[in-house]
Amino acid sequence: MTAKKAANKELKGMMKTVRIEDIDSMHDEMMDLMDASNEIQETLGRSYNVPDDIDEEQLMGELDALEADMDFESNSVPSYLQPDKETDLDSELNLPAAPSGHATIPANRQQEDELGLPTVPHASIPPENNKVG
C-alpha cells in the first residue's frame, strides 16, 4: 500500500509539470509529419500505367533501334548542310558573255581620284569675300 501511495504522489507531481497544450501541439506536429510522409509514399508508389507483363527483350530491342537511329542522325550531314550540286549559273540565267579587251574612255568623262571616285572641282573664292567681319 505504501508503494501505491508513493507512486500516486509521484504521478500527481509529474502531472503538475506536464501541460496538455504541449501534448496537443506535439500530437498535431506528429500528425502533420505523418501526412507529409504519406504524401511522399503515395508519390513514390504512383503507377505510370506500365503493364506488369512487359517483355524486357522487346523493350531492349526498341532501345537498341532508337540508339541506332540517333547514331545514324549524328553521323550523317543534314540536307541543308550538304553542298549544293554544281550548276552552271550562266546557262541558267542566260547571261551574255563578259566583254574582253580594253574599253575606250570618252573624252568628256570626269577625272577620278586614286579610289576611282570622281574628283571634286575646286571653287575659287574672290579675295574681297574673304574678309571676316
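Modeller: Happy to! Let me start with a term: a nonpolar patch is made of residues with over 30% relative accessible area and no salt bridge, with nonpolar side chains joined within 5 Å. Keep in mind that this is a predicted model.

Biologist: Which residues form a nonpolar patch on the surface here?

Modeller: Tyr 48, Val 50, Ile 54 and Leu 59 do, with about 410 Å² of accessible area together. Leu 59 sits in helix H3, residues 56-75.

Biologist: What makes Leu 59 partly exposed?

Modeller: Its relative accessibility is 43%. Partly exposed lies between under 20% for buried and over 50% for exposed, so Leu 59 counts as partly exposed.

Biologist: Now the charges. How many salt bridges does the structure hold?

Modeller: Two. Asp 22 pairs with Arg 19, and Glu 21 pairs with Arg 19.

Biologist: Why is the contact between Glu 21 and Arg 19 called a salt bridge?

Modeller: The cut-off is within 4 Å, from a side-chain nitrogen of Lys or Arg to a carboxyl oxygen of Asp or Glu. Glu 21 and Arg 19 are at 3.9 Å, N to O, so the pair qualifies. For Asp 22 and Arg 19 the closest N and O atoms are 3.4 Å apart, so that pair qualifies as well.

Biologist: And how do you know whether Glu 21 is buried or exposed?

Modeller: Glu 21 has a relative accessible area of 53%; exposed means over 50%, so Glu 21 is exposed. Arg 19, at 47%, is partly exposed, and so is Asp 22, at 38%.

Methods:
Residues numbered from 1 in each chain as written. Predicted model: local features only at pLDDT ≥ 70, side-chain atom pairs only at ≥ 80, totals over all residues. Heavy atoms only, no water. Buried < 20%, exposed > 50% of the residue type's maximum accessible area, 1.4 Å probe, protein only. Patch = residues over 30% accessible without salt bridge, like charges linked within 9 Å, V, L, I, M, F, W, Y side chains within 5 Å. Areas by Shrake-Rupley, 256 points an atom, 1.4 Å probe, with all protein chains shown as cover. Helix = DSSP H or I, 4+ residues; strand = E, 2+ residues; numbered from the N terminus.
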